[in-house]
Amino acid sequence: MKRSLQFCNAALVAVFMLLTSRALAQDPAKVDSTHYKVEFENDQVRVLRVAYGPGEKSVMHEHPNVVAVFLSDAQGQFTFPDGKTAPVTVNAGQVIWDPAGKHQPENKGDKPFTVIVIELKGKPATPKKD
């Protein structure tokens, strides 16, 4: 039960969008600027603010590996490219990691929710030597 809850929670991050193409997922900030706003970006990370109202859903999209910080409680569902779905319930303040993947998120709750998604880019930076 705990493992499936962790999977579902991770799916919500990796997660928020409506199926436009099963063959090609897209950048959520480009295909769904209503829900995704780029707050910060450099060569190591991209930080997205994601906000969904009750009943809202997005398009199929993908993320690299991410860390998600939930600013509010969320009840949602992810739909994956193969058509399978996973319900998700997350509490405000919860932080999760999710591996790279494609999904279509949907807010199944009756309240809006907001999450900060930190997309990790490439290899870790090499520490500078003094």
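**Exercise 1.** Decide whether phenylalanine 78 is buried or exposed, and describe the aromatic pair that it forms.

*Solution.* Start with the relative accessible area: for phenylalanine 78 the value is 0%. Next, recall the cut-offs: buried means under 20% relative accessible area, exposed over 50%, and partly exposed in between, with a 1.4 Å probe and protein chains only. Phenylalanine 78 is therefore buried.

Now turn to the rings. A search of the whole structure gives 3 aromatic pairs. In one of them, phenylalanine 78 partners phenylalanine 80, with 6.2 Å centre to centre and 25° between the planes. Rings of Phe, Tyr and Trp (its six-membered ring) pair if their centres lie within 6.5 Å; planes under 30 degrees apart count as stacked, over 60 as edge-to-face and the rest as tilted. This pair is stacked. Ring pairs also link Tyr36, Tyr52 and Phe113 into a cluster.

A word on the model: it is predicted, so local features need pLDDT of at least 70 and side-chain atom pairs count only at pLDDT 80 or more, while totals for chains, interfaces and linings use all residues. Residues are numbered from 1 along each chain as its sequence is written, and side-chain values use heavy atoms, leaving out hydrogens and water.

**Exercise 2.** Work out which side chains make polar contacts with the side chain of arginine 46.

*Solution.* First, locate the residue: arginine 46 sits in strand S2.

Third, look for partners. A polar contact is a pair of N or O atoms within 3.5 Å; within protein, one must be able to donate a hydrogen and the other to accept it, and residues adjacent in sequence count only if both atoms are side-chain atoms.

**Exercise 3.** Find the residues with the most contacts inside the largest nonpolar core.

*Solution.* Begin with the term: a nonpolar core is a set of buried Ala, Val, Leu, Ile, Met, Phe, Trp, Tyr and Cys residues joined through side-chain atoms within 4.5 Å. The largest has 18 residues, and Leu48, Val50, Phe70, Val115 and Val117 have the most contacts inside it. Among the elements giving two or more residues to this core are strand S2 (45-52) and strand S9 (113-120).

Note on methods
Helices (H or I, at least four residues) and strands (E, at least two) are DSSP runs, numbered from the N terminus.
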